[in-house]
Amino acid sequence: MLSDFKGKRLDIGQEGSGTRALALTLLKTNGFAPDDGTAYVDTTTGDEVRALTENRIDAIFLMGDSTSTVLMRQLLHTPDAHLFSFTQADGYTRRISYLNKLELPKGSLDFGKDIPAEDVYLIGPTVELIARNDLHPALSDLLLEAAREVHGKAGIFKKRGEFPTPVEHEFPISPDARRYYTSGKSFLYRTFPFWAAGLVARALAAIVPIALLLIPALKIAPTVYRWRIESRIYRWYRVLLELERDAFEPSFDPKRSEELLRHLDHIEDTVNKITVPASFGDLFYALRGHINFVRNRLLSKHADLPAESHQPAKE
């Protein structure tokens, strides 16, 4: 385990390097402290193999992306140098969220010499492709497509299509990236040239919000229109009801019959001037019929009154 290197001479990379930062994190999780006797040696670049074989250092931390293939082959073919296997790799990746577990299969580096002689487990930091929030979706698709072409091939540490992958670490995955991993490039950019898809996407971005506002408005508009037409008719029903209620109250003065008939004539003249669409003709003619109904009732009541009540009052 890494804790076995406590008190040893370790090359953990140059100051400020990513290798050194990761190595210090790993050593700290294993209880390493500044005064525990561990010596950190800076080996000259290119002199790592000689430093190991000459026993000037006991272990060296290397990052695969910053170490030359030649150096890796020299180390792996050096009889007294051994590739450290992180048997606790699963634990490391759970404690340190940005780490990945990598497996170097038996014999994958040299089948003839069986290097490595057994499966070796390694750990490596996750490289995250990050962008600003205002990155255009089309550029997001292009970047992810390029990353898949470059990093999606099979390698010693990965299967085909294993990277890139939509795994969240320190940064949230954008909705555009989720959509790309779920269904690939958007329909527009799969179907049209890039410039044409960009124009259509911008047009849709302007039209869709307006359409979302117009659709409810278009559904409400007929209801509002019908309410406005019906309100022009129903308001006269209220007047008509008040007139009829007034005429047939027990305390009604018979001398007011002529006045109510004149009021009813005024209502009829006003209603006849209302213009309504043909679809509302049933309501219009029903109102006129009800006006005539009320008039007939008033005339019938007026005819039943004594003769002297028909005479105008004398001063």
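Surface patches here join residues with over 30% relative accessible area and no salt bridge, like charges within 9 Å and nonpolar side chains (Val, Leu, Ile, Met, Phe, Trp, Tyr) within 5 Å. This is a predicted model, in which local features need pLDDT of at least 70 and side-chain atom pairs count only at pLDDT 80 or more, while totals for chains, interfaces and linings use all residues. Residues are numbered from 1 along each chain as its sequence is written, and side-chain values use heavy atoms, with hydrogens and water left out.

Select Val200, Leu204, Val208 and Leu212: they make a nonpolar surface patch of about 320 Å² (Shrake-Rupley areas, 1.4 Å probe, only the protein chains shown counting as cover for residues). Leu212 sits in helix α8, residues 194–247 (helices are DSSP runs of H or I, at least four residues; strands are E, at least two; both are numbered from the N terminus). Leu212 is exposed at 56% relative accessible area (buried is under 20%, exposed over 50%, partly exposed in between; 1.4 Å probe, protein chains only).

Turn to the salt bridges (a side-chain nitrogen of Lys or Arg within 4 Å of a carboxyl oxygen of Asp or Glu), which number 13.

Select Asp58 and Arg9, a salt bridge at 3.1 Å, N to O. Asp58 is in the loop between α2 (48–53) and β3 (59–60), Arg9 in strand β1 (residues 9–11), 49 residues apart.

Next, take Arg20 and Asp42, whose closest N and O atoms are 3.6 Å apart in a salt bridge. Arg20 is buried at 12% relative accessibility, whereas Asp42 is exposed at 53%.

Finally, select Asp47, Arg50, Glu54 and Arg56, linked in a network of salt bridges.
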